[in-house]
Amino acid sequence: MKKRLGAVLLAVAAVFTFVPMASAQGHAELTNIRTGKHDGFERIVLDMNGLPSNHQSRETGSVANCASGNPVPVQGNEILQSVFHYAASYDENFDPTYTGPRNFSPAGLTNVKTIAFTCDFEATLGIAVGYDDPDSWHKVFTLTNPDRVVIDVYSR
């Protein structure tokens, strides 16, 4: 009985320490997308109010919209799909916090060809990055002060 109660208390504690990592409003809010070219890599910055609770990234051959299942066109020979939980491009009143393009070719980048939304539904934000160099590798991480998600695509 004590082991079972301990397991339940541990599970409850995990939930209450996991959820608050999103913003105080309930989810992180995308406000802007910036890009930049650096020596050896190209950077995509997702400016946020708050941070997603977690994310997953993977290489894939194609992407689809999470709500409709329809294919999302992405230019480039390779695609990096990132999904951010407790994140959206709208606030708690469903007013947009990001009003920029949702599928675009970033100016000034040579390897990264496309940035496209694949999901913005029920506080799940999906971003696909299409790029050309098959030998590229990526790094996805968060920074604070101000809050942002960074996607670096490195070239050899």
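1. Let's start with the rings. Phe41, Trp137 and Tyr154 come together as one aromatic cluster. This is a predicted model, and it has four aromatic pairs in total. Take tryptophan 137 and tyrosine 154: their ring centres sit 4.1 Å apart with the planes at 5 degrees, so the pair counts as stacked. That pair links distant parts of the chain, with tryptophan 137 in strand β11 (residues 137–143) and tyrosine 154 in strand β12 (residues 148–154), 17 residues apart. How accessible are the two partners, tryptophan 137 and tyrosine 154? Tryptophan 137 is partly exposed at 41% relative accessibility, whereas tyrosine 154 is buried at 17%.

2. There is also a charge over a ring to look at. Lysine 139 lies over the face of phenylalanine 141, and the distance to the ring centre is 5.1 Å.

3. Next, the open sheet. What is the strand order? The five strands run β7-β1-β2-β12-β11, and the pairing is mixed. β7 (87–88) and β11 are the edge strands, each pairing on one side only. At the β7 end, strand β1 (residues 28–38) runs parallel to β7, and two bridges join them.

4. On to the charges: the structure holds five salt bridges. One of them joins lysine 37 to glutamate 42, with the closest N and O atoms 3.1 Å apart. Which of these side chains is buried, and which partly exposed? Lysine 37 is partly exposed, with a relative accessible area of 47%, while glutamate 42 is buried at 2%.

5. Another salt bridge brings aspartate 152 and arginine 43 together at 2.6 Å, N to O. Aspartate 152 belongs to strand β12 and arginine 43 to strand β2 (residues 41–49), so this pair ties together parts that are 109 residues apart in sequence. Aspartate 152 counts as buried at 1% relative accessibility; arginine 43, at 23%, counts as partly exposed.

6. A further salt bridge is the one between aspartate 132 and lysine 113, at 3.8 Å from N to O; the cut-off for calling it a salt bridge is 4 Å. What does it tie together? Aspartate 132 is in the loop between β10 (124–131) and β11, and lysine 113 is in strand β9 (residues 112–121), so the pair joins parts 19 residues apart in sequence. Aspartate 132 is partly exposed, with a relative accessible area of 26%, and lysine 113 is partly exposed with a relative accessible area of 26%.

7. Now for the inside. The largest nonpolar core has 23 residues, and Ile33, Leu46 and Phe84 are the ones with the most contacts inside it. Which elements give two or more residues to this core? They are β1, β2, β6 (78–85), β9, β10 and β12. The biggest giver is β10, with four residues. Setting aside neighbours within four places in sequence, isoleucine 33 touches Ile44, Val45, Leu46, Tyr98, Phe104, Ile115 and Phe117. A second, separate core has six residues, among them Val63, Val72, Val74 and Ala128.

8. Valine 83 is worth a look too; this residue lies in strand β6. Where does the chain come back to valine 83? At threonine 124, 41 residues away along the chain, the C-alpha to C-alpha separation is 6.9 Å. Beyond the neighbours within four places in sequence, the contacts of valine 83 are Asn54, His55, Gln56, Thr124, Leu125 and Gly126.

9. Last, β9 and its partners. Seven of the 10 residues of β9 are buried, so this strand is largely enclosed by the rest of the structure. Strand β8 (residues 103–104) pairs with β9 in the antiparallel sense over two bridges, and phenylalanine 104 is found opposite isoleucine 115 in β9. How many bridges join β9 and β10? Eight, again with antiparallel pairing. Valine 112 stands opposite tyrosine 131 in β10. The hairpin of β9 and β10 has two residues between the strands, and glutamate 122 takes a positive phi near 50 degrees there.

Technical notes:
Residues numbered from 1 in each chain as written. Predicted model: local features only at pLDDT ≥ 70, side-chain atom pairs only at ≥ 80, totals over all residues. Heavy atoms only, no water. Phe/Tyr/Trp six-rings, centres within 6.5 Å; stacked < 30°, edge-to-face > 60°. Buried < 20%, exposed > 50% of the residue type's maximum accessible area, 1.4 Å probe, protein only. Lys NZ or Arg CZ within 6 Å of the ring centre and 35° of its normal. Pairing = 2+ DSSP bridges. Salt bridge = Lys/Arg side-chain N within 4 Å of Asp/Glu carboxyl O. Core = buried A, V, L, I, M, F, W, Y, C linked by side-chain atoms within 4.5 Å. Contact = heavy atoms within 4.5 Å.
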